[in-house]
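Visitor: I would like a close look at one part of this model. Please take the aromatic rings and start with some background on the chain.

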Amino acid sequence: MGARGAPSRRRQAGRRLRYLPTGSFPFLLLLLLLCIQLGGGQKKKENLLAEKVEQLMEWSSRRSIFRMNGDKFRKFIKAPPRNYSMIVMFTALQPQRQCSVCRQANEEYQILANSWRYSSAFCNKLFFSMVDYDEGSDVFQQLNMNSAPTFMHFPPKGRPKRADTFDLQRIGFAAEQLAKWIADRTDVHIRVFRPPNYSGTIALALLVSLVGGLLYLRRNNLEFIYNKTGWAMVSLCIVFAMTSGQMWNHIRGPPYAHKNPHNGQVSYIHGSSQAQFVAESHIILVLNAAITMGMVLLNEAATSKGDVGKRRIICLVGLGLVVFFFSFLLSIFRSKYHGYPYSDLDFE
């Protein structure tokens with residue numbers, strides 16, 4: 001039964017083949033070739049991706065931040081395939097560039113990258129790199145970048161969005177702030193480990209030793225401790241430091257100033273009310289001190305019982321200090337809070 005049924009089945013298969021359209025064979029052949037090509041292309045992409053990740057892991061084993069020129073940038077960051085995030089610091093560290101902010105930002109960036117490299121969560125999903133202007137000026141031109149330092153995140157897929165550029169002017173470049181930004185963009189949380197810094201401890205020990213030595217030398221005459229003027233000066237110094245934004249500088253770590261790469265002009269006052277430079281806090285401290293000195297002179301002229309002519313001179317000097325420096329302070333306030341309507345003397 002089985003032997004007799006076999007020829008009949010072959011005849012039926014032959015009939016089905018005869019009924020197939022003649023033009024379907026080239027189509028099936030083309031479809032087969034396309035599947036083979038797609039499979040080979042996918043395999044090629046996987047091999048290329050594996051090579052790129054292997055190379056990046058090898059570089060990371062040598063140093064936490066690897067430098068890139070234009071060719072490496074295009075190969076490992078711009079060109080697909082890519083399944084990893086890349087944090088890139090665009091900077092200008094050569095001495096002839098005179099970018100002190102770049103060196104300060106590089107120190108924080110190095111702390112952050114080392115914290116990731118030596119953490120237990122380290123993996124091949126996040127890498128840190130750097131492009132120096134003197135080594136990759138073509139990259140700066142390609143990205144239309146005209147300032148340094150700048151931090152950018154290049155995601156595994158797609159182009160970087162606006163939030164993938166770190167807002168250095170507003171937030172500062174402290175390693176902790178960079179780590180928070182990276183966590184928002186990549187879901188990779190980095191715990192920052194700073195190397196031990198004993199400068200604060202040494203300074204405190206020296207201060208305590210100095211005060212202790214002074215008290216020991218004056219142990220028989222400690223009336224200076226009750227000197228109201230001395231304590232007033234100490235209090236004013238603390239007030240000036242706090243009101244000028246020194247604590248904000250300590251927390252955010254802003255740059256000292258900003259140099260425009262186009263015209264070389266240096267800005268010491270930040271144009272936004274949400275940020276400031278270190279130099280700006282120093283300027284505010286001096287202005288507050290000058291205004292306070294003017295108020296002290298006015299009070300002295302009003303309460304002293306000396307020569308009238310001398311008191312008049314002291315009054316005019318104090319009034320001049322208050323008017324001039326308060327107007328200067330107000331002009332800075334207006335430059336940061338645009339639209340503020342009040343002013344005394346116009347310094348703009």
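Visitor: Of the contacts in the chain with a separation of 6 or more, what percentage is accounted for by residues 24 or more positions apart? And then, how many aromatic pairs does the structure hold?

Guide: Keep in mind that this is a predicted model. Residues 24 or more positions apart account for 64% of the contacts with a separation of 6 or more. The chain has 348 residues, and 30% of them count as buried. Its secondary structure comes to 12 helices and 6 strands.

Now the rings. The structure holds 14 aromatic pairs. A pair of aromatic rings is described by two things: the distance of the centres and the angle of the planes. Take Tyr 109 and Phe 128. Their ring centres are 5.7 Å apart. Their planes make an angle of 65 degrees. Edge-to-face begins over 60 degrees, so the pair of Tyr 109 and Phe 128 is edge-to-face. Next, find the two residues along the chain. Tyr 109 belongs to helix α4, residues 100-117. Phe 128 belongs to strand β3, residues 126-132. The pair therefore ties together parts that are 19 residues apart in sequence. Are these two residues buried or exposed? Tyr 109 and Phe 128 are both buried.

Other rings join up as a group. Trp 59, Phe 66, Phe 76, Tyr 84 and Phe 127 are linked into a cluster by ring pairs. Pick out each of the five in the structure and follow the links.

Look at Arg 117. Arg 117 lies over the face of Tyr 118, 5.5 Å from the ring centre. The charged end of Arg 117 also sits over the ring of Phe 122. There the distance to the ring centre is 5.0 Å.

Helix α9 covers residues 228-243, and helix α11 covers residues 278-303. Their axes come within 9 Å and cross at roughly 135 degrees. That angle makes α9 oblique to α11. The crossing is right-handed.

Finish with the backbone in some loops. Most residues other than glycine have a negative phi, and most peptide bonds are trans. Some places here depart from that. Pro 80 and Pro 81 are joined by a cis peptide bond, with omega about 0 degrees. Pro 81 lies in the loop between α3 and β2. The bond from Ala 148 to Pro 149 is cis too, with omega near 5 degrees. Pro 149 is in the loop between α5 and β4.

That loop between α5 and β4 also holds Asn 144. Asn 144 is not a glycine, yet its phi is positive, about 55 degrees. Asn 144 is exposed, with a relative accessible area of 69%. Asp 187 also has a positive phi, near 65 degrees. Asp 187 sits in the loop between α7 and α8. Asp 187 is exposed, with a relative accessible area of 63%.

Notes. Residues are numbered from 1 along each chain as its sequence is written. This is a predicted model: local features need pLDDT of at least 70, side-chain atom pairs count only at pLDDT 80 or more; totals for chains, interfaces and linings use all residues. Side-chain values use heavy atoms; hydrogens and water are left out. Rings of Phe, Tyr and Trp (its six-membered ring) pair if their centres lie within 6.5 Å; planes under 30 degrees apart count as stacked, over 60 as edge-to-face and the rest as tilted. Helices (H or I, at least four residues) and strands (E, at least two) are DSSP runs, numbered from the N terminus. Buried means under 20% relative accessible area, exposed over 50%, partly exposed in between (1.4 Å probe, protein chains only). A charge sits over a ring if NZ of Lys or CZ of Arg is within 6 Å of the ring centre and within 35 degrees of the ring normal. Axes are lines fitted to C-alpha atoms, for helices over the stretch in contact, and angles run from 0 to 180 degrees between N-to-C directions. Angles under 35 degrees count as roughly parallel, over 145 as roughly antiparallel, 65 to 115 as roughly perpendicular and the rest as oblique. A crossing is left-handed if the near helix is turned anticlockwise from the far one by less than a right angle, and right-handed if clockwise. Contact means heavy atoms within 4.5 Å.
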